[in-house]
Amino acid sequence: MTNLVKNGIVKSSLYMIRFEQTTKKYGTNTLALEDVSLDIKQGEFVFIVGPSGAGKSTLLKILTRELTPTSGKITVADIDLTKLNDKDIPSLRRKVGVVFQDFKLLDDKTVFENVALALEVLDKNDEEINKMVEHILKLVEIWDKKNLFPKQLSGGEAQRTAIARAVVGKPDVLLADEPTGDLDPKTAWSVLQLLNEINSWGTTILMATHNQEIVNTLKKRVLVIKKGKIVKDSKEGKYE
Ligand SMILES: Nc1ncnc2c1ncn2[C@@H]1O[C@H](COP(=O)(O)OP(=O)(O)OP(=O)(O)O)[C@@H](O)[C@H]1O
Ligand SMILES: [Mg+2]
């Protein structure tokens with residue numbers, strides 16, 4: 001986050017993610033997001049919940065630039081997405097990490113290689129890359145599996161690898177789209193513990209989930225989205 005100097009006073013930006021009156025239509029008929037305005041501050045951990053088809057993944061995909069909105073303005077980590085050129089997308093990748101329900105690891109690369117690949121955009125030398133990958137793989141407790149391929153991992157191990165890949169470059173923001181969707185309850189909790197730890201370093205986390213127990217236990221900020229609109233935003237929210 002940059003510091004803004006105004007009248008000699010240093011002011012830190014107040015938000016890490018901001019949606020201003022954002023609308024996303026698919027084709028002419030599907031209104032996936034309607035006039036969404038939203039601020040998320042640096043260091044927050046926020047859940048997005050809501051029925052299937054409500055617009056949760058659409059909102060996350062707009063933040064990664066997989067989708068562009070039909071109208072509105074979005075800012076993430078001081079990057080104005082509405083002004084971002086395709087050639088600037090690597091700078092967005094450095095600031096925003098993503099994890100998915102189905103991991104999206106490369107099957108022909110080892111655990112180590114999958115994570116190391118994420119650092120290629122960062123302009124680091126091999127020695128630095130090896131050090132960073134070792135550090136993060138130890139942290140997510142998967143170092144002993146570093147030479148295995150994704151198909152040889154359990155679901156929890158695959159998700160920990162995917163999280164390591166998403167955060168190895170120390171992004172400001174981590175987006176997670178149903179990261180526990182394919183995991184058993186115990187493994188889901190271990191993933192949440194890991195996300196909580198990443199959040200404690202100062203990483204802002206925005207996570208879409210259908211996991212009622214996790215949302216109700218952790219008492220974080222909860223955004224409820226229905227038919228493309230945020231219908232509730234509560235500080236220590238519940239999944240209702
Ligand atoms: N590529 C697409 N083309 C057309 N319509 C789409 C596309 N992706 C999503 N939609 C529609 O947009 C709406 C929002 O979808 P989205 O995937 O954001 O929902 P979601 O809240 O993530 O749902 P789920 O909980 O099932 O993952 C839905 O009506 C969906 O059918
Ligand atoms: Mg979704």
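Which of the 13 residues around ligand 1 come nearest? The close-up views below, taken from a predicted model, begin with this ligand.

**View 1. The residues around ligand 1.** Ser52, Gly53, Lys56, Thr58 and His210 come nearest among the 13 residues around ligand 1. By type, this shell consists of four nonpolar, seven polar and two charged residues. Helix α1 (56–64) and strand β4 (30–40) each supply at least two residues of the shell, and α1 gives the most, with three residues.

**View 2. Polar side-chain atoms beside the oxygen atoms of ligand 1.** In lysine 56, a polar side-chain atom lies 2.7 Å from an oxygen atom of the ligand. For serine 57, the distance from a side-chain N or O atom to an oxygen atom of ligand 1 is 2.8 Å. For glutamate 178, the corresponding distance is 3.3 Å. Ligand 1 taken alone exposes 640 Å², and the protein buries 60% of that.

**View 3. The largest pocket.** This pocket holds about 550 Å³ of space. It is lined by 22 residues, and Arg93, Val96, Val98, Ala118 and Arg165 are the closest to its centre. Strand β8 (96–100) is one of the elements that supply at least two lining residues; β8 contributes the largest share, four residues. The lining comprises 12 nonpolar, four polar and six charged residues.

**View 4. The second largest pocket.** The volume of this pocket is about 240 Å³. Among its 16 lining residues, Ile136, Val167, Val168, Lys170 and Trp201 lie nearest the centre. Helix α4 (residues 126–139) gives the most to the lining, with five residues. Nine of the lining residues are nonpolar, four are polar and three are charged.

Technical notes
Residues are numbered from 1 along each chain as its sequence is written. Chains are lettered from A and ligands numbered from 1 in the order in which they are written. This is a predicted model: local features need pLDDT of at least 70, side-chain atom pairs count only at pLDDT 80 or more; totals for chains, interfaces and linings use all residues. Side-chain values use heavy atoms; hydrogens and water are left out. On a 1 Å grid over the protein atoms alone, a cavity is a set of points where a 1.4 Å probe fits but cannot get out, and a pocket is an open set with protein on both sides within 12 Å along at least five of seven lines; lining residues have an atom within 4 Å of a point. Grid points are joined across faces, edges and corners, and a volume is the space filled by probe spheres set on the points. Ala, Val, Leu, Ile, Met, Phe, Trp, Tyr, Cys and Pro count as nonpolar, Asp, Glu, Lys and Arg as charged, and the others, Gly among them, as polar. A residue is near a molecule or strand if one of its heavy atoms lies within 4 Å of it. A polar contact is a pair of N or O atoms within 3.5 Å; within protein, one must be able to donate a hydrogen and the other to accept it, and residues adjacent in sequence count only if both atoms are side-chain atoms. Accessible areas come from the Shrake-Rupley method with a 1.4 Å probe; for residues, only the protein chains shown count as cover.
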